[in-house]
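Let's take a walk through a protein together, one region at a time. Have a look at the sequence and the model below before reading on.

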Amino acid sequence: MRRKRILLPVIAVSMLLGVGSLAACGEDSLSEDDVINMGFDVAVVFDFAGGTADDKPETKIRVSEGSYVPEPGNFGLTAPVRSDYSLKCYRVAELDEDGKVKKDEGGNAVLGREWDFQTDKATEDTVLYAEWWKNFEMVLHYGENLEHTKKVSVPRTRDGEETQIAAASARVTGFTFIDYYRDKDFTETERVEFPAKLAFSDEKPVIDIYSDSLEGTYQLIRKAEDFLNFAFSESTNIYMMADVDMTSVYESKKTVMFPASYKGKFVGRGYKISNLEIERTVSGVTDSYFGLFKTLDDGAEITNLTFENATIRATLNSASVSEYCVGLLAGLVRGGAKLEGVNVTGTVDYTMAINYDSEKITIGGIYGSSLDGAVINSCKGDVSYIRSMPVYTQDEKYAVYVKYTQDGEGNLTIGDVYGLTEKNASGSYSSKNLRSVKKNDDGSWTLETRREVYTVTVGASGAVATATVVLKTE
């Protein structure tokens with residue numbers, strides 16, 4: 001009759017041990033008699049006592065008499081696992097005269113001392129029983145009215161101490177966890193931060209943790225720098241946890257970008273974002289909206305939020321756009337978008353394309369335009385504009401492009417000069433390719449092309465702006 005065949009990863013293992021040899025049971029290779037004849041004459045059985053290794057309840061190896069025994073998990077032997085338990089140690093089972101494990105009246109193995117893999121040597125056939133710690137358990141309560149629970153099994157060390165609970169273990173897919181507490185009233189002094197140890201004990205093996213949580217995936221904003229920790233996309237949900245001042249971000253030479261189009265949820269909870277700055281370049285004949293968001297699309301919800309002293313700087317590159325719509329928060333609010341309790345203060349600073357008709361720019365406060373189906377309730381805006389326009393010379397030979405502001409009575413204040421056009425033979429205006437624009441001490445401007453130098457003066461009286469352009473000659 002053919003005897004059971006046994007694998008021998010063991011000779012290499014024994015060389016590493018340097019203290020005898022062992023063999024593990026398996027398929028093919030040498031028979032057990034062959035292994036015994038090679039000097040592996042002591043059988044060691046690991047009974048995993050409710051656990052498994054490689055889906056088997058026990059592992060049998062052979063070692064030479066007087067050699068050390070490798071612990072499962074080392075030298076090619078698979079460590080055992082048991083759901084909701086942690087390995088404590090292995091204990092020596094008492095054997096009867098036939099080499100079988102003795103049982104007590106309850107049918108349990110009679111166990112003796114703990115086996116020390118560092119010092120104990122096998123001198124006779126041995127059965128080692130795994131002894132397990134029952135894991136501790138954290139019960140996480142979350143969701144609306146704390147209606148959901150998640151049980152987290154907390155492994156223990158060989159000494160029975162709790163291990164640290166990872167932050168990932170205190171999360172559930174589809175929910176955002178804000179803070180964790182030891183009491184359901186969310187008392188601040190009872191707040192827990194993960195990763196954490198919760199001070200379990202055998203007298204207190206189960207601990208309840210309660211979380212202030214949201215259904216859905218949100219980015220939590222507690223400080224300005226939190227905006228740097230994720231890619232802000234059109235569908236990112238934001239949940240404000242505090243007032244934030246963006247100044248610290250810009251002082252560190254970093255930039256925060258808002259998506260051009262937005263359809264996520266921005267939950268303000270009464271907080272404010274101060275000193276936000278966004279740069280926009282608006283190009284192409286269909287790119288006609290600009291603001292902190294260019295468009296708020298179907299599904300977008302911004303609620304109970306204040307943008308304080310926000311600044312949007314936009315460059316309108318195309319002279320072919322049929323109409324631009326400008327708002328500090330958004331150029332366009334589409335049907336299905338919702339704004340409620342949103343307050344906006346700040347400045348829109350835009351530079352118009354040369355030869356673009358400024359009459360085709362629709363200027364709003366919070367938003368430039370809205371479509372049917374948009375829901376806008378209890379929103380306020382206090383927005384100032386730094387606009388741009390052409391100012392023509394008296395003979396209309398030149399048009400000087402300037403930035404300006406206008407007060408409530410229509411009075412103009414002229415700002416920087418940024419462009420110059422000249423009327424051509426067809427009656428239209430051609431743009432000058434300026435290489436430099438410099439403001440002089442007397443308030444005039446020097447504009448240089450590759451071959452020409454112009455002195456430009458622009459002023460305003462009330463709502464009327466005037467310009468003079470002088471081409472310098474040798």
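Which residues touch the most other members of the largest nonpolar core? They are Phe266, Leu296 and Leu329, in a core of 53 residues. A nonpolar core here is a set of buried Ala, Val, Leu, Ile, Met, Phe, Trp, Tyr and Cys residues joined through side-chain atoms within 4.5 Å. Buried means under 20% relative accessible area, exposed means over 50%, and partly exposed is in between, using a 1.4 Å probe and protein chains only. The largest share of this core, seven residues, comes from strand 25 (residues 301-316). Helices (H or I, at least four residues) and strands (E, at least two) are DSSP runs, numbered from the N terminus. Apart from this core lies another one, of 19 residues, which include Phe136, Val152, Phe175 and Ala196. In soluble globular proteins, nonpolar side chains tend to be buried together.

Before going further, a word on where all this comes from. This is a predicted model, in which local features need pLDDT of at least 70 and side-chain atom pairs count only at pLDDT 80 or more, while totals for chains, interfaces and linings use all residues. Residues are numbered from 1 along each chain as its sequence is written, and side-chain values use heavy atoms, with hydrogens and water left out. The pLDDT is the predictor's confidence in each residue, from 0 to 100. The protein chain averages a pLDDT of 90, and 93% of the residues score at least 70. Over residues 1-23, however, the pLDDT is below 50.

Now find strand 4 (residues 42-47). Is strand 4 enclosed or open? Six of its six residues are buried, so strand 4 is largely enclosed by the rest of the structure. Val42, Val44 and Phe46 are buried on one side, and Ala43, Val45 and Asp47 are buried on the other. In a regular strand the side chains alternate between the two faces of the sheet. Two strands pair if DSSP finds at least two bridges between them. Strand 4 runs antiparallel to strand 5 (residues 58-63), joined by six bridges, and Val45 has Lys60 as its bridge partner there. With strand 10 (residues 126-134), strand 4 pairs in the parallel sense over four bridges; in that strand, Thr126 is the partner of Val44.

Elsewhere, four strands form an open sheet with parallel pairing, in the order 19-24-27-30. Its edge strands, strand 19 (261-262) and strand 30 (367-370), each pair on one side only. Strand 27 (residues 330-333) is joined to strand 30 by three bridges, and Ala330 stands opposite Tyr367.

Some backbone details are worth a stop as well. The peptide bond from Phe194 to Pro195 is cis, with omega near 5°, and Pro195 sits in the loop between strand 14 (191-192) and strand 15 (206-215). Asn145 has a positive phi, near 60°, and is exposed, with a relative accessible area of 71%. Asn304, in strand 25, also has a positive phi, near 50°, and counts as partly exposed at 42% relative accessibility.

Definitions and conventions:
Contact means heavy atoms within 4.5 Å.
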